Each structure stands twice: as C-alpha cells, then as structure tokens.
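Thanks for asking me to look this one over with you. Please open the structure beside these notes and find each part as you read.

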Amino acid sequence: MDKTTAATNAIIQINSAKVDPAKRPDMVEAVCAYFDIMKGKTLSEADKQFLHYLANQAGIPQYYFPMLSIGEDVTKEISLQTLRNFTRESSLVVGEGITLHLYQKEMLDKFNKSRRNRYFLSAATSFGKTFLVYEILRKMEYTNVAFIFPTISLLGENLLKIHTKSEYNWVKNEYTIHTLSESDSLGEKNLYIFTPERFLSFLDKNKANNIALDFVFVDEVYKLDNGFIIDEVEQENERDVAYRVAIHELLRDEDTDALLVGPYINLPLNREPGEQTSFTEFLKWYGFCQENYNHYDIVNKTEFSINQKRKNQCIEIDDTFSLHLTSKDQKKQLSELVDHLLSREENSIIYCSTQYNTEKTAGQLLSYSNTLKEVNSDRLTTLIDHICNLFENGTGAEWIVTKALKKGIGIHHGLIPKYIQQEIISLFNDGILKVLICTTTITEGVNTTAKNMIVLSGKKGKKPLKKFDAQNIEGRAGRFMRHYSGRVFILDQEFIERINSEDEVLQHKLFDKTSAKTEVDIVITESQYLTSEEKQKKEQLEQLKTDGIIPQACFEEFRTISYEDKKTLYDRIVAFSDSERNEIKTFIQKFTASHYIYWAGLELICQTVKPIIKNSTLSHLLKPNPTHSECCTLVLIISAFVAKGFVGSVAHYIKQHGKVNTGIREAARCVFVTLRYQAVKYLGLFNLIYKHYESTRTGIDIKEITGIDALLLRLEYSADTQLGRRASDIGASFRVIDYYDAKEKDSNQPNKIRDLYSRLDPFERYNVSQINKILGES
C-alpha cells in the first residue's frame with residue numbers, strides 16, 4: 001500500500017468510527033498501518049502535523065510520542081489543531097511520565113470509588129492489561145490488594161519491575177510487597193503478588209490474620225478451564241483446579257473489587273437468556289461486567305504463509321523486502337528465512353510445539369544457517385561461562401542451550417532453570433540475541449520485543465492449538481512502543497486452519513450442571529449447578545467435615561485435595577505403630593539437624609501418601625526402585641536433590657539417559673515440576689495431618705510439634721531461609737540462593753559470607769547485584 005492510499009484509508013476509517021464506535025478497531029488498524037509506512041522516512045512539517053492528528057484521533061498518542069522520536073519545538077507557534085491534539089492527549093496522562101492510550105483510559109474510568117467494581121476484560125496481547133492494573137491501583141488507592149499471576153516467572157518479573165523502574169517507585173513506596181505464603185509483617189497498605197497455588201498456601205498459613213482484600217487482579221483467567229490451559233500433555237491439568245479454587249476464595253467477600261483479564265477470550269454477549277454459557281453464568285453470579293477489546297490490536301499483524309512443498313518461492317513482504325526461499329524442506333526454509341531476517345538486523349521468535357522441538361530446531365539452525373556467527377558480548381560470555389561450569393564434568397558446554405547462545409540463539413521453555421530463562425529473555429530484548437526459539441511459555445505474559453514471529457506448528461505438544469492459542473502466539477509479533485506492525489511467518493498449514501477456526505467458548509465447570517465435577521469442585525459449587533447425585537455427595541463430604549473426627553484445619557487447608565483423600569491419609573497416620581512413629585521422628589530430627597535423609601523414615605512417608613496421589617508421574621516414582629529394593633525412586637531423587645541440588649539431579653539423569661539434553665530436561669521436569677509442586681502438595685498434606693494428630697495424641701500445642709516443614713521448603717524453593725526463598729522467587733541461581741541462605745542463617749559469621757561471595761562466578765555476582773535492588777540488601 002502506498003502512502004496516499006494508506007492516508008486516505010486512515011481518514012475514511014476515522015470518519016467511520018465517529019459515526020459508528022464499533023468501527024474503532026478498523027480505525028486503529030488503518031492509522032497504525034500509515035505510521036508503519038512513514039516510520040524511518042524524512043518527515044516534513046506537514047507530515048508531522050498529519051501524523052499527530054492521526055494518532056490523536058485514534059486515541060493512541062504513543063504512535064507519535066515517543067515512537068517517532070519527535071520532539072516538539074516549544075518556541076514555534078502551534079496551530080489550533082495541534083493545540084486541540086495536546087488538550088485531548090492531556091486527558092490520557094495519569095501520572096508523571098505515564099500516558100495511557102484511549103482504550104486503557106476507558107477501562108480506568110470505569111473504576112469508581114463510590115461503588116463496587118468488578119470487570120472481566122478480554123483484550124488483544126498488545127493492549128497493555130498488566131500496565132493498566134497498576135494505574136487502577138494508583139487511582140483507587142486500595143489498602144490490601146492481591147495480584148494473581150500464572151507463573152513464578154511472572155511474579156518475579158513484576159517484582160523486578162516495581163523495584164527497578166522509576167515509574168513504579170510509588171508502588172514500593174506506598175505498599176509493603178509480599179510474595180511468600182508465610183506472611184511478613186504487615187504494612188499499612190499491602191500488595192500480595194502470588195500464583196494461585198501460592199495464594200492458597202497463603203490462606204492456609206494466615207487464617208488468624210483474616211486479611212480483607214479491597215481489590216484482586218487475576219491474570220490469564222482462562223486457566224480455570226482445563227481445555228484452555230497451554231500444556232503439552234492431554235490430561236486434566238491440576239492448574240485449572242487451583243485457579244477455580246483460588247478465584248472462589250478471592251471473590252467470597254462481596255465488597256471486594258476485581259479485574260479478571262485474558263487475551264482473545266470469546267465473549268458470547270448476544271446469547272438468549274436461556275443460552276448462557278457456564279463462564280457467563282460465573283460472571284453474572286459474581287456481578288462482573290464484560291469488556292471486549294479483543295479487536296483493538298494496537299500493533300498490526302501481517303501473515304505470510306510459506307508453502308512447505310514448494311521450491312523457489314518469492315514472497316513480497318513490503319516495498320523494502322522480498323523473501324526468496326529456494327528449498328521445500330522446512331528446516332532449510334526456516335534457515336533461509338532466519339538468514340534473510342538477520343541480514344536486515346531484525347530479530348525473530350520461533351514457535352515450536354514441544355520442549356524437545358525447540359532444542360531440535362536450534363540444532364538445525366546451527367547446522368543450516370549461513371548467517372549465524374559467534375556473538376561478541378561480554379554479558380553473553382559471562383552467562384555462557386556460568387552455564388559451562390554449572391554442571392559436573394563440563395556437561396554445560398555440551399548442552400544445546402549453551403551451543404545456541406554462542407551463535408545468538410536463545411531457547412526458552414519451561415524446563416530451563418528460571419534464572420537462565422530470565423537472562424535469555426533480557427538478552428533477546430536488549431538485541432544481543434537475535435533469535436528466540438520457544439514453546440507456548442512465551443505466550444504466558446513474558447514480555448518480548450520481536451518484530452517477527454515464525455510458526456513451525458499448529459500444535460501444543462500433541463494437542464491441536466485452539467484459535468485462542470494461535471491468536472496469542474501471533475500476538476507476540478511486534479510490540480507496542482517498539483513496532484507499528486509485526487510479521488507472522490507460518491510454515492505449517494495446520495496453524496492457518498487453527499487461526500481461521502471458530503472461536504471456542506471459555507467454560508467454568510462450577511457453573512455447568514452437565515459438567516462432571518471432582519470432589520474438590522463439588523465442595524465449592526452452588527447447589528443449583530449440581531446434579532442430584534452430586535448434591536448427595538456434597539452432603540456426605542460436609543458430614544465428613546463436621547463429624548469431629550478430623551481437625552477442621554485439615555479440611556480448610558490444601559483445598560485442591562479432596563476431603564475423602566484427606567480422610568484416607570488421616571486414617572493411615574492414626575494407624576501408625578509406635579515403631580513407625582519413631583521412624584518418622586527420626587527422619588524429622590535428622591533432616592532438621594543436618595539435612596540428612598533417613599531413607600526408612602522418608603520411605604514410610606512416601607508409602608503413606610501413595611494411595612491418594614492422582615498425578616501419574618509422581619505415582620510412578622513411588623514404585624520400588626529396581627536397584628534399591630528398600631525404597632522407592634522418589635526417596636532416591638529427593639536424597640540426591642537435597643544433597644547436590646539441581647546440579648546433582650542433572651548428573652543422575654544424564655547417567656540414566658546417556659544424553660545431555662534429555663538428561664537436563666528430565667532433571668528439570670523432576671525438580672521444577674514433580675518435586676516443587678506435586679511432591680510438596682502431598683507431602684505438605686501429610687505434614688499438616690501428622691502434626692495435628694501428634695498434637696491431639698500427645699496433648700502438646702501444635703506449634704511445638706516439629707514436622708517435615710524444612711524438607712518442604714527445600715523442595716519448593718531450593719532454600720532454607722526466608723531470605724533465600726525471596727531470592728529464589730526473584731530468580732536467583734542455585735549458588736546465589738545458598739549465599740542468601742547463609743546471610744540469614746550465619747549472619748554472625750561475616751567471614752563465611754564473604755568467602756561464599758568470593759566463590760561466585762561473574763554471572764552469579766551480577767545476579768546478586770540485581771536481586772539486591774529488590775531485597776534492599778548491600
């Protein structure tokens with residue numbers, strides 16, 4: 001499209017939007033397209049005035065200031081139109097240096113201090129939903145607030161933003177910020193930043209405080225529906241249970257304001273009264289207003305389909321770029337495409353369906369690309385050196401992540417240690433890495449600045465992508481305040497089919513009478529959404545809770561485990577013989593004193609919880625180990641992890657599989673998924689019931705009963721102290737966590753702490769400097 005045609009189209013769409021507000025998304029797209037044409041061109045004074053007018057009419061002043069890097073000459077006379085532009089733009093300024101776009105401001109204006117405010121916002125990836133929530137917090141001056149994010153990585157990202165970016169200084173100055181489930185001392189105003197699981201744990205550990213929340217923000221709310229969860233395995237994912245239970249608890253107080261958000265969620269607003277979906281029933285039940293900004297793509301997207309079966313393709317990208325591909329082999333097409341983009345100094349994200357495929361694709365690029373070369377960056381070299389020395393026997397140098405980094409390629413998936421993931425994203429956003437190969441982890445709120453998205457698959461693992469998933473992946477092409485337009489190169493026809501498919505409707509099984517419910521769901525579901533059999537079951541479960549046999553706290557905590565499973569575990573603990581109780585006590589004493597794993601005691605605990613475990617991976621690990629008949633595999637894994645941490649687990653799995661990449665992936669899956677979430681959940685319930693029963697049996701106050709708390713903290717955080725756990729959440733490397741643990745445990749031994757610091761490599765010292773900004777440590 002030429003300049004004149006684009007300008008004409010923008011004016012037509014502006015005038016159409018004045019008549020019909022439903023045309024505003026088309027107006028935004030047309031204005032954005034014109035800015036994309038003009039970016040980088042020499043601008044006359046008339047061009048500047050016209051561009052300023054367009055940005056103003058579209059409601060997005062950021063298109064003009066600062067994306068074009070235009071500074072106004074305050075000494076010259078300004079036109080009446082420019083004065084009108086400035087006047088209108090001033091209404092979008094909400095804080096020092098903070099300007100919203102019009103559509104964010106519309107959402108902000110809906111919040112009113114004189115009434116309850118509950119909104120469900122579905123909006124495009126580029127809308128700036130998380131940015132908006134901080135402005136809601138500033139405007140409404142809430143006292144106690146909870147932000148719920150889907151991952152620890154996003155929790156850490158927001159924590160880092162609050163503590164390191166000047167525009168968020170007011171947040172850390174006004175609020176005491178909490179990320180651990182063990183409540184720190186409360187401030188006058190408190191901001192809790194949690195995952196759903198962490199929030200539920202916080203409730204378990206802080207019942208006495210009874211903190212009333214004024215406002216709750218839930219990101220990626222679609223995760224309450226298992227069908228929408230981005231996961232590689234076709235199974236019921238426990239994340240949806242945690243989301244449903246957490247949201248139920250968050251909204252119990254009718255006076256609490258709330259904002260639930262998600263990208264590209266289909267909102268069936270025009271259904272007949274008798275045709276409500278279960279999700280709209282949920283919104284209606286809790287008094288939410290629905291706000292649909294799905295079509296307001298602040299950054300345009302252009303799709304380019306590449307035929308995998310055709311040689312010698314020539315694709316016209318724009319008036320400066322023609323793409324020539326000579327091969328019909330996908331891996332060679334990808335290499336040619338990446339080479340073209342690298343020659344233009346443009347960065348790219350490559351989407352793959354699985355963690356294995358990200359690593360395989362990286363290997364193919366290293367083999368076939370003609371443009372990739374060693375990257376000369378001290379910062380990157382520091383990370384590479386750290387990884388090379390991280391694992392035993394120089395294994396780190398053989399890891400595909402390391403090999404890819406040397407050539408400017410980042411690999412991002414859920415089985416790479418979090419702190420390495422964070423640094424890879426940072427290096428990519430800073431332009432040091434030019435290629436980022438990822439799974440759907442990149443769609444879960446990780447902020448990237450890529451002009452180009454390359455899609456290699458229409459699946460997530462073995463499951464076909466939903467349209468929602470495909471839109472979310474496309475949404476990572478281009479980034480507001482960096483690009484006017486992003487490109488999406490599609491090398492798999494199935495992805496095109498998914499992006500053009502019908503919208504799926506988000507469901508909430510607690511508000512659907514026809515949906516099969518687990519016992520956990522039944523307990524918190526309103527009676528009108530239960531079948532007669534489920535109502536009967538709910539009565540039985542409530543009777544179990546009130547019959548007085550099991551302490552109430554055992555039902556009120558670990559809300560994602562059913563009452564009957566809790567009863568089963570309670571009965572098994574009650575049935576312990578004196579010798580078995582002594583085995584448990586011996587384990588607790590030895591671990592608490594020196595982190596020594598007494599196998600017989602841990603084996604007894606594992607076999608005690610085995611009957612209630614639903615997770616297939618964890619259940620498999622509880623089978624007898626073929627080489628150590630006296631215990632199950634989980635005991636060996638926990639022992640190795642406690643003794644040598646993640647690095648020791650990697651050595652074990654590499655030895656088991658004989659392959660470095662497979663061994664590191666499997667070690668990460670075990671440590672960061674199975675141990676951190678699954679084992680901690682079931683062993684945590686054991687700990688709760690064991691301590692309550694021992695208190696009842698012995699007459700000793702439960703606060704005086706020692707359980708396996710120290711083991712649980714080590715498994716969840718790889719840390720022993722509160723300072724170590726906070727560092728872990730932020731994104732500390734393994735030895736850095738040990739350093740912060742020592743700062744708290746051995747605070748009276750400064751020489752020991754200095755010695756630990758002196759052993760850290762340059763990357764780890766950089767890691768410490770970043771974490772200290774948040775912790776306020778020196």
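The points below go through a sheet, one of its strands, a helix, and then some cavities and a pocket.

1. First, some ground rules. This is a predicted model, in which local features need pLDDT of at least 70, side-chain atom pairs count only at pLDDT 80 or more, and totals for chains, interfaces and linings use all residues. Residues are numbered from 1 along each chain as its sequence is written, and side-chain values use heavy atoms, with hydrogens and water left out.

2. Start with the sheet. Seven strands form an open sheet in the order E5-E6-E4-E7-E8-E3-E9, and their pairing is parallel. Strand E5 (176-178) and strand E9 (289-293) are at the edges with a single partner strand each, so one side of each has no neighbour in the sheet. From one strand to the next, the twist averages 15°. As for the words, strands (E, at least two residues) and helices (H or I, at least four) are DSSP runs numbered from the N terminus, and two strands pair if DSSP finds at least two bridges between them.

3. Is strand E4 (residues 144-148) buried or exposed? Five of its five residues are buried, so E4 is largely enclosed by the rest of the structure. Asn144, Ala146 and Ile148 are buried on one side, and Val145 and Phe147 are buried on the other. Here, buried means under 20% relative accessible area, exposed means over 50%, and partly exposed lies in between (1.4 Å probe, protein chains only).

4. Now look at the partners of E4. Five bridges pair E4 with strand E6 (residues 190-194) in the parallel sense, and isoleucine 148 has phenylalanine 194 as its bridge partner in E6. E4 also pairs with E7, again in the parallel sense, over four bridges; there, phenylalanine 147 stands opposite phenylalanine 217. Strand E7 (residues 215-218) is in turn joined by four bridges to strand E8 (residues 257-263), which runs parallel to E7.

5. Which strands does helix H5 (residues 102-109) lie across? They are strand E3 (118-123), E8 and E9, and H5 runs at about 175° to E9. Such angles run from 0 to 180 degrees between N-to-C directions, with axes fitted to C-alpha atoms, for helices over the stretch in contact (heavy atoms within 4.5 Å).

6. On a 1 Å grid over the protein atoms alone, a cavity is a set of points where a 1.4 Å probe fits but cannot get out, while a pocket is an open set with protein on both sides within 12 Å along at least five of seven lines; lining residues have an atom within 4 Å of a point. There are four cavities of 30 Å³ or more. The largest cavity holds about 70 Å³ of space, and its lining includes Trp285, His508 and Glu526. Helix H10 (238-250) and helix H11 (278-285) each give two or more residues to that lining, with the largest share, three residues, coming from H10.

7. Finally, the second largest pocket has about 1000 Å³ of space. Of the 30 residues that line this pocket, Ala33, Asp36, Ile37, Asp318 and Ser485 are the closest to its centre. Helix H2 supplies the largest share of the lining, six residues.

How values were computed
Points joined across faces, edges and corners; volume = space filled by probe spheres on them.
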